[in-house]
Amino acid sequence: MFVIMLVFRTVKQEEGHAHKVHCSRERSRAAWQAIEEYLMPFVEREQYQISSKCRLHPSNDLFRDQEEHKIHVDINEWKCGYCKKHFRAEKYLDQHFDNRHYNLLNISDGKCMADLCGALHCDFMMDSKSTKTKCNPAAVAKNHHLCESLADSCFPLNQGPSASRLHELFLHQFCDAHTCSGNKKLFPKGGKKKTSVFYLAISILTMMMIPLFYLIVYLHQSEMRKGTQELRRISKRKTKPS
């Protein structure tokens, strides 16, 4: 009981003394998720090296090092990779980072991945089932311009065939959907393939059922052989002369 109260008190203290960073960790995480899922598989396929000057580069994510020091132990258990402290939810680990490991953030460069959210569709990444709001042409135009500037700076057309292909892909994957027409699909090229939890469960269940199936078949055949042998014995007894 004392330990629980101590942990709770520590969390409350960290909530109260967290440093203020003018960059949303949650939206930065959503931006990086969009990059990782819908861009990086194609970048890796092209074996293209994104320049550190590109705002999509991991080094330009203020929280990247902290995010990589998160250890998801179990459903309700997270661990800090710096000090090994455990937390029951990711939000408490975020608060811990803000308070205890604030000194590891390099805030002098003003790197904030959340600033790219307009181009990278963070709202969709954070809640793909969110209700549609009325389209704002001015905001759409601003996001589209930001998106195109990312394509130009990260995948310059004069940097060879791979850069040209990725430039074109980025425009289709991220930029074309910035329109009020509503007829452009978001991430049309797809992204990183994920193993469905349902598919994984079915696979495991199938693997467990196969040995059971063969066991049932074996037992059934054994019973059939025993039954056949018993019928033969009975038949022989009946045919013996009296």
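So, arginine 29: with 22% relative accessibility, it counts as partly exposed, which here is the band between buried, under 20%, and exposed, over 50% (1.4 Å probe, protein chains only). Before I go on, this is a predicted model, so local features need pLDDT of at least 70 and side-chain atom pairs count only at pLDDT 80 or more, while totals for chains, interfaces and linings use all residues. Residues are numbered from 1 along each chain as its sequence is written, and side-chain values use heavy atoms, with hydrogens and water left out.

Okay, what does arginine 29 pair with? Aspartate 94, in a salt bridge with the closest N and O atoms 2.8 Å apart; the rule is a side-chain nitrogen of Lys or Arg within 4 Å of a carboxyl oxygen of Asp or Glu. Arginine 29 sits in helix α2 and aspartate 94 in helix α5 (residues 90-100), so the pair ties together parts 65 residues apart in sequence. Helices, by the way, are DSSP runs of H or I, at least four residues, and strands are runs of E, at least two, numbered from the N terminus. Aspartate 94 itself is buried, at 11% relative accessible area.

Now lysine 70, which is buried as well, at 12%. Its side chain meets aspartate 94 in a salt bridge, 2.7 Å from N to O. That links strand β1, where lysine 70 lies, to helix α5, 24 residues apart. Lysine 70 also has a salt bridge to glutamate 90, at 2.8 Å, and glutamate 90 is partly exposed at 23%.

A word on arginine 25: it lies in helix α2 and is buried, at 8%. Leaving aside neighbours within four places in sequence, its contacts (heavy atoms within 4.5 Å) include Phe63, Gln66 and Phe97.

Last stop, the nonpolar core, meaning buried Ala, Val, Leu, Ile, Met, Phe, Trp, Tyr and Cys residues joined through side-chain atoms within 4.5 Å. The largest one has 35 residues, and Leu39, Leu56, Leu120, Phe155, Phe170 and Phe174 have the most contacts inside it. Which helix gives the most to this core? That's α9, with seven residues. As for phenylalanine 174, beyond its neighbours within four places in sequence, it touches Ala34, Tyr38, Leu39, Ala119, Leu120, His121, Cys147 and Phe187.
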